[in-house]
Amino acid sequence: MASQERGRQAIEYYKGESVNFNMSDLSQDNTIDWRGKPSKPNKHGGMRAATFVLGLQSFEIMAIAAVGNNLITYVINEMHFSLSKSANLVTNFVGTVFLLALLGGYLSDSYLGSFWTMLIFGFVELSGFILLSVQAHLPQLKPSQCNMGNGETCEEAKGFKAFIFFLALYLVALGSGCVKPNMIAHGADQFNPNNPKQSKKLSTYFNFAYFAFSMGELIALTVLVWVQTHSGMDVGFGVSAAAMAMGLISLVSGTLYYRNKPPQGSIFTPIAQVFVAAILKRKEVCPSNLQMLHGSQNANTAFSSDVPNLLHTEKFKFLDKACIKVEEGTNRKETPWTLCTTAQVEQVKIILSVVPIFACTIVFNTILAQLQTFSVQQGSVMDTHLTKSFRIPPASLQAIPYIMLIFVVPLYDAFFVPFARKFTGHVSGISPLQRIGFGLFFVTFSMVAAALMEKKRRDSAVNSNEIISIFWITPQFLIFGLSEMFTAVGLIEFFYKQSLKGMQAFLTAMTYCSYSFGFYLSSVLVSLVNKITSSWSSNGGWLTDNNLNKDRLDLFYWMLAVLSFLNFFNYLFWSSWYSHSPSSPIGNQHEIKMEENNKVHSINSSKNITAQDIDTYIP
């Protein structure tokens, strides 16, 4: 009834106007405009609206990348933390950013909606950048100047100075964490995935979102890092604040054009209900006839339900007990906490099914952590001269893959996707799972290249007293950039397209959570490797010294290469397990059904539809 009422409200909203659309679009779309009224296909959404979100994404990543990628240099030179402590501080900060993405996804899907979540926490992030700039500018808020590289004993930031620094840093983390998943989700919400034409545009949007990310990273790692290096970190942090302000202006500028998905209430309550009901009915026996399960008879008709009907799967069969009806004549009264629909149970199964895919990308992001910490330190002890008078800031090394990607990503979408689509029939060229797999395979060679180059650098410095060019470590960045284009975009597309009601922002947040666990795992591995290798040798562990010429960073990279290769085979197992279920989530079957509905219910797009035409389709 609620769906029917929304449908009739949509008709009232369109009366008196000529609009081009088909009935399958209307039956599946419950988005609203900025006034809370049903959105119009010809006025709201599409690539025009998504462009404003891409603007925010470019500026936001520009702002935080300039901070995060050069943060290790700041905390060593200005806060006077040790190398290992600084590396862990950076990875913990970045890990916290991505972990807080879960909070942003939850608040968006449950209570605030994507737009308001981005706007509120965008200002939180902006305040953090401003406070960082103030802290870096005022000598009273920093330890006295000291050069740790010359062997001096420097005073580490403590007390009020450390408090201000961490307060500013984690205001940025809170704001950025809550903004990130909603940028992707809100941009993707501008396209109706149930419309075949817009489904293709949705795939293109994910590639453009990564292009926007690459552009933001590139500017951050070149222009902004150069400003930090030559004008001071206080000016650099101030530029990050200005970039974030520009991003918020871009977001607000598109308000009139957005399709907004209204929040659904707590997204965890339906999930909890399934587990509670399944536990309470754990002693019940599932009927052999699946039609006996509660909610299995619902037809997938227009306006019949807010929750898409999903095919029953054989995975996690114990959850099916949540759908068993109590026999008539008993005194037991069913409630939402004792009886759930099959669609509700299948959505929980989807969440459980994607967890192993998510877990397989954690090692991938542990490797990313090395490129933002130890690889930057590698560059700092190499010859950074591009010309006799111009030096490359070590943090700008991370711009190398993004220079490549701003050319590769458009070519991938313009040529590879249509070419692959002819053979696979998949709207994205290759499936998201295949795309993730390619990335996980390639990333191993990033660590192989890093280990070989670090061995060469260390041998040259120790044995020949020769400082080699910083360009020797570019291969590890290039290989990782290519692998990230496959894995990062594939993972976001995979999670967003799951058939889950009102959980797109939270599922997108799960992809960022993978970054978080990856960076936390990096901190654990650094500490664990130091502890174990210190017990082997009297010279200390692989990473205990602040001098890379004494450390064995190359061996640490080899360990990560082996770990990454084993993780790839682990992914092959779980992706096969996910794909070869006796019955899979509605996925392609739903797309086929929508195409059939389009053929039956749609009116030629060149024909104008009036309210009188539409009334014939409303029950």
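At 71% relative accessibility, Asn-465 is classed as exposed, a term applied to values over 50%, with buried denoting under 20% and partly exposed the range in between (1.4 Å probe, protein chains only). The model is predicted, so that local features require pLDDT of at least 70 and side-chain atom pairs pLDDT 80 or more, whereas totals for chains, interfaces and linings use all residues. Residues are numbered from 1 along each chain as its sequence is written, and side-chain values rest on heavy atoms, with hydrogens and water left out.

Asn-465 is located in the loop between α16 (432-463) and α17, helices being DSSP runs of H or I of at least four residues, numbered from the N terminus. Although not a glycine, Asn-465 has a positive phi of about 55 degrees. Most residues other than glycine have a negative phi. A positive phi, near 50 degrees, is also found for Phe-316, which is placed in the loop between α11 (268-280) and α12 (342-359) and is partly exposed at a relative accessible area of 23%.

Four cavities of 30 Å³ or more are present in the structure, a cavity being a set of points on a 1 Å grid over the protein atoms alone where a 1.4 Å probe fits but cannot get out, with lining residues having an atom within 4 Å of a point. The largest cavity has a volume of about 460 Å³, and of its 30 lining residues, Ile-61, Phe-98, Lys-180, Phe-213 and Glu-217 are the closest to its centre. The greatest contribution to this lining comes from α3, with six residues.

How values were computed: On a 1 Å grid over the protein atoms alone, a cavity is a set of points where a 1.4 Å probe fits but cannot get out, and a pocket is an open set with protein on both sides within 12 Å along at least five of seven lines; lining residues have an atom within 4 Å of a point. Grid points are joined across faces, edges and corners, and a volume is the space filled by probe spheres set on the points. Helices (H or I, at least four residues) and strands (E, at least two) are DSSP runs, numbered from the N terminus.
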